[in-house]
Amino acid sequence: MINLLDFKLIFGLDKLMHFIAFTGVSISIGVLILIFTGPQDVKGHLKVVWFTLVTIGIIEEYRQYWDPGRSAEFLDAMANIAGVSIGVGIILGISFLIINKQRVLSNIFRVYPILLMMLLLGLLYINERPFLRMDVSVQERIRGLAALIGF
């Protein structure tokens, strides 16, 4: 079988460094925008940041073509674009949480007990050291409860 993709080249340390650098820069600029303009105006400013940093990331790869110690790579540019996109997305998420914090918090506290019970039941199911001795195992009781509920 022929291996068509070189995963070390695609997901290597160099690409990770490009991704982290552009994520960090976009998050840093986004935080400054949040501080100075507020969460209501952040979307328009982040569009400009995204276009600017993506353009810089691509032009930087062309610049590296002329640098004897560097190489220009398409995948580096893609890692730059992904980093900018994730960084801008994080800032958009933060601004959404700031604007809608009352609604988000009320929804989180509404869902949290359900999530907590599911996590605790999961732990009870995979428990490796039983703390309670029964004639029927806890797993069997949970399966019976799940069957009763309809799962």
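D14, K15, E73 and D76 are linked in a network of salt bridges. The model is predicted. Across the whole structure, a search finds 5 salt bridges. K15 has salt-bridge partners in D14, E73 and D76.

**The salt bridges of K15**

- K15 and D14 join through their side chains, with N and O 3.4 Å apart.
- K15 also pairs with E73, at an N to O distance of 2.8 Å. K15 lies in helix 2 (residues 13-37), while E73 sits in the loop between helix 3 and helix 4 (74-99), so this pair ties together parts that are 58 residues apart in sequence.
- D76 forms a salt bridge with K15 too, and their closest N and O atoms are 3.1 Å apart. Because D76 lies in helix 4 and K15 in helix 2, the pair ties together parts that are 61 residues apart in sequence.

**Buried or exposed?**

- Which residues of the K15–D76 pair are buried? Both D76 and K15 are.
- K15 has a relative accessibility of 7%. The cut-off for buried is under 20%, so K15 counts as buried.
- D76 has a relative accessibility of 2%. That value is also under 20%, so D76 counts as buried.
- D14 is partly exposed, with a relative accessible area of 35%.
- E73 is partly exposed as well, and its relative accessible area is 22%.

**The surroundings of D76**

- D76 is found in helix 4.
- Leaving out residues up to four places away in sequence, D76 touches D14, K15, H18, E61 and S71.
- Two of these contacts, D14 and K15, also belong to the salt-bridge network.

- Where is Q64 placed? Q64 is in helix 3, which covers residues 42-66.
- Q64 is buried, with a relative accessible area of 2%.
- Which residues does Q64 touch, not counting those up to four places away in sequence? They are H18, R70, S71 and A72.

Notes. Residues numbered from 1 in each chain as written. Predicted model: local features only at pLDDT ≥ 70, side-chain atom pairs only at ≥ 80, totals over all residues. Heavy atoms only, no water. Helix = DSSP H or I, 4+ residues; strand = E, 2+ residues; numbered from the N terminus. Buried < 20%, exposed > 50% of the residue type's maximum accessible area, 1.4 Å probe, protein only. Contact = heavy atoms within 4.5 Å. Salt bridge = Lys/Arg side-chain N within 4 Å of Asp/Glu carboxyl O.
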